[in-house]
Amino acid sequence: MERPPPIYGETREEQEGRFGTVDFVESYILDLPNMPAKATELIARYKADGITTIVFLGDSITAQPPKDFRDGKGSFVDRFTGSDRHVADFLLDEVLSRQPDDVREFLLETSMLERLRADLCEHVTGRGDAAALLRRVDSENLFLVPLDDEREWFRYHHLFGQLLRREARISRPQLERRGHQRAAQWFSAHGHPSRAIEHHLDAGQLDEAYALITTHLQEQLGAARHETVRSWLERLPEDFVDATPEHQLLLILAFARSGALEQGEQVLRRARERDLDLDPAFGIHYDVVEALIDAIVGDPVRAIELGE
């Protein structure tokens, strides 16, 4: 892969002075000789990440053999992510490995965060200089995208974020789990239970995730965040769900109320098949939730039978 113009580390103003707007750069790259038609799809996918990524993509595309832009699975467009070997090697050589040690460690230590803020980064990394490092990464335009006008919240460019997570997983495997655990603590303490649940699940902290789901289930369903709730429930392993009747009952109800009736019925079938000397009260609870499911799917006769 050929070396692109040295745009990494330039400010946005310097980039726009040299290249113009993102739209101009996109048009320029797509008009290059022999630029394959599928390049439009690839560049559009990452256009929101700005000039740095667009110029990088243009160089990456021109370095590929024409046959790699064939249609169908396996094409360059289909497999182009931060885990692609050529992309990862290039970004490692051109960007990550050239950073000072403190910046490189900061990037890896915050790689698991979808959103970054100074105090969040301080909590996740344990570094007192995290706020200064975040400002430095922003000012040097190292694949960071502001999410608000105040430049309080940021995210990494999608490609660069994928690379950082891949590199952290390989070279610092302990960072990912620890980072998710600390991020969950921060988001929970700052009134963001949804993000805390996601990080608990990513860290494998199932009990903590389940406790937050239980606490905030009504709130989430009341706000019609059904897809979000289903995504949490589907990430709880079957052995965790089946570990206690309480887990099973909550999952049955939560699946049913979030519109995932089939998944709720699967948990209910497993619950009824348990060969355990359970409190008879749980049998009544199972009848109640089964009646609820039958009422939802339009079987009132069966629902009435269970209710009696």
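Predicted model: local features only at pLDDT ≥ 70, side-chain atom pairs only at ≥ 80, totals over all residues.
Charged pairs come first. Side chains of opposite charge can pair when their charged atoms come close. The count comes to twelve salt bridges. One of them joins Asp102 and Arg136, with an N to O distance of 3.6 Å. Asp102 belongs to helix H7 (residues 101-109) and Arg136 to helix H9 (residues 130-139), so this bridge ties together parts that lie 34 residues apart in sequence. Asp102 is partly exposed, at 27% relative accessibility. Arg136 is also partly exposed, at 30%.

A second salt bridge is formed by the side chains of Glu152 and Arg117, at 3.0 Å from N to O. Here both residues sit in loops. Glu152 is in the loop between strand S1 (144-146) and strand S2 (154-156), while Arg117 is in the loop between H7 and helix H8 (118-125). The pair links distant parts of the chain, 35 residues apart. Glu152 is partly exposed, with a relative accessible area of 38%. Arg117 is buried, because its relative accessible area of 18% falls under the 20% limit. The pairing extends to a further residue.

Glu238 and Arg270 provide another salt bridge, with 3.8 Å between N and O. Glu238 is placed in helix H15 (residues 238-241) and Arg270 in helix H17 (residues 261-272). These positions are 32 residues apart, and the pair links distant parts of the chain. Glu238 is partly exposed, with a relative accessible area of 49%.

Aromatic side chains were examined next. The structure holds four aromatic pairs. In one of them, the ring centres of Trp153 and Trp186 are 6.1 Å apart and the planes meet at 75 degrees, so the pair is edge-to-face. Trp153 lies in the loop between S1 and S2, and Trp186 lies in helix H11 (residues 173-189), so the pair ties together parts 33 residues apart in sequence. Trp153 and Trp186 are both buried. With Phe187, these two tryptophans form one aromatic cluster. A charged residue is also found at Trp153. Arg115 lies over the face of this ring, at 4.5 Å from the ring centre.

Tyr156 and Phe160 make a further aromatic pair. Their ring centres are 6.2 Å apart and their planes stand at 75 degrees, so this pair too is edge-to-face. Tyr156 is buried, as is Phe160.

Two residues of helix H13 complete the account. Ile213 is located in this helix, which spans residues 206-222. Ile213 is buried, at 1% relative accessibility. Leaving aside residues up to four places away in sequence, Ile213 touches Ile197, Trp232, Leu233 and Leu236. Ile213 and Ala254 are 41 residues apart in sequence, yet 9.6 Å separates them in space, C-alpha to C-alpha.

Gln220 also has its place in helix H13. Gln220 is buried, with 2% relative accessibility. The side chain of Gln220 makes a polar contact with the side chain of Ser194, at 3.3 Å. With residues up to four places away in sequence left out, Gln220 touches Ser194, Arg225, Val229 and Trp232.

Terms used: Residues numbered from 1 in each chain as written. Heavy atoms only, no water. Salt bridge = Lys/Arg side-chain N within 4 Å of Asp/Glu carboxyl O. Helix = DSSP H or I, 4+ residues; strand = E, 2+ residues; numbered from the N terminus. Buried < 20%, exposed > 50% of the residue type's maximum accessible area, 1.4 Å probe, protein only. Contact = heavy atoms within 4.5 Å. Polar contact = N/O pair within 3.5 Å; in protein donor to acceptor, adjacent residues only side chain to side chain. Phe/Tyr/Trp six-rings, centres within 6.5 Å; stacked < 30°, edge-to-face > 60°. Lys NZ or Arg CZ within 6 Å of the ring centre and 35° of its normal.
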